[in-house]
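Please keep the sequence and the structure in view while working through the numbered points.

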Amino acid sequence: MKCLIVDDEPLAQRVLEKYISELPGLELKGKCSDAIEAMEVLQEQEVDLIFLDINMPRLSGINFLKTYKNPPMVVITTAYTEYALESYELNVLDYLKKPFSFERFLQAVQKAEERIKGVAEPQETDKDEREFIFVKANKKTINISLDSILYVEALGDYVKIFTKEGHVVTYQSLKGIERLLPSNKFYRIHKSYIVSLSKIKSIEGNMVHMEKSTIPIGNNYKQSFFQRIHPA
């Protein structure tokens, strides 16, 4: 998982950096001293998990979460407990009160891993050969045919999978779904949308027209998307 530290305390940054370095499944993509700097980093590169302080200059961690649409998974790291309820209402993954141990840090990381693995992965060796995926929804595990999927939309900590028959909402990140869908059939065209290439009816400007929906093409995805559909 690609991680970002957002904390104005140098000691807290060093502790988190050390903890991250001890887990081979984590990759530190950057350290930011405030939320404004973090926004700039998030526009430039993909991040799976943010370790976010609350009391910071210019913009607090709480206000950052309120203003940033569809953030990556977030673990709050703070010396204060009074923001716990409000932060959970903003769908944070975990709330670590400073100083926290490596064991407590590891618990938060395991929650992130479980979130990413929220979709049961079929056992085919080549995902381009898959015909279906399993997702957890409404206390059930549901089989969804890949041919029935029109597009997938991110909804905070959930995704909504639109199919020919309706839609399914599952507790999962868009990146987690993207890892399971075969790249020869599906493509991410926006930070909040993945579309089935075969279900695209037409493309006009920055909009993709599906059978019953119109979906925007994000500026950061436009060039690669058009290269995908118009290979040299």
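The points below treat one annotated site, its charged partners, the aromatic rings and some local features.

1. Basis of the note. This is a predicted model, in which local features need pLDDT of at least 70 and side-chain atom pairs count only at pLDDT 80 or more, while totals for chains, interfaces and linings use all residues. Residues are numbered from 1 along each chain as its sequence is written, and side-chain values use heavy atoms, with hydrogens and water left out.

2. The annotated aspartate. An unreviewed UniProt entry places the feature "modified residue: 4-aspartylphosphate" at Asp53. UniProt positions are given in the numbering used here, feature names are shortened, and annotations may be inferred rather than shown by experiment. Asp53 sits in the loop between β3 (49-52) and α3 (61-67). Helices (H or I, at least four residues) and strands (E, at least two) are DSSP runs, numbered from the N terminus.

3. Is Asp53 buried or exposed? Asp53 counts as buried because its relative accessibility is 3%; buried means under 20% relative accessible area, exposed over 50%, and partly exposed in between (1.4 Å probe, protein chains only). Leaving aside residues up to four places away in sequence, Asp53 touches Val6, Asp7, Asp8, Glu9, Gly61, Thr77, Thr78 and Lys98. Contact here means heavy atoms within 4.5 Å.

4. Side chains of opposite charge can pair when their charged atoms come close. A salt bridge is a side-chain nitrogen of Lys or Arg within 4 Å of a carboxyl oxygen of Asp or Glu, and by this rule the count comes to 15 salt bridges. In one of them, the side chains of Lys98 and Asp7 meet at 2.7 Å, N to O. Lys98 lies in the loop between β5 (94-97) and α5 (102-116) and Asp7 in the loop between β1 (2-6) and α1 (10-21), so this pair ties together parts that are 91 residues apart in sequence. Both Lys98 and Asp7 are buried.

5. Glu9 counts as partly exposed because its relative accessibility is 37%. Asp94 forms a salt bridge with Lys111, the closest N and O atoms being 3.4 Å apart. Asp94 lies in strand β5 and Lys111 in helix α5, so the pair ties together parts that are 17 residues apart in sequence. As for the site of point 2, salt bridges that share partners join Asp7, Glu9, Asp53 and Lys98 into one network.

6. Backbone details. Most residues other than glycine have a negative phi, and most peptide bonds are trans. A cis peptide bond joins Lys98 and Pro99, with omega at about -10 degrees. Pro99 lies in the loop between β5 and α5. Arg58 has a positive phi, near 70 degrees, and is a residue other than glycine. Arg58 is found in the loop between β3 and α3 and is exposed, because its relative accessible area is 65%.

7. Aromatic rings. Rings of Phe, Tyr and Trp (its six-membered ring) pair if their centres lie within 6.5 Å; planes under 30 degrees apart count as stacked, over 60 as edge-to-face and the rest as tilted. By this rule the count comes to 11 aromatic pairs. The rings of Tyr151 and Phe162 are stacked, because their centres are 4.4 Å apart and their planes are at 15 degrees. Tyr151 lies in strand β9 (residues 149-155) and Phe162 in strand β10, so the pair ties together parts that are 11 residues apart in sequence. Both Tyr151 and Phe162 are buried. Elsewhere, one aromatic cluster is formed by Tyr19, Phe51, Phe100, Phe102 and Phe105.

8. Which residues carry the UniProt feature "domain: HTH LytTR-type"? The unreviewed entry places this feature at residues 133-204. The span is 10% helix and 57% strand, and its end C-alpha atoms lie 31 Å apart.
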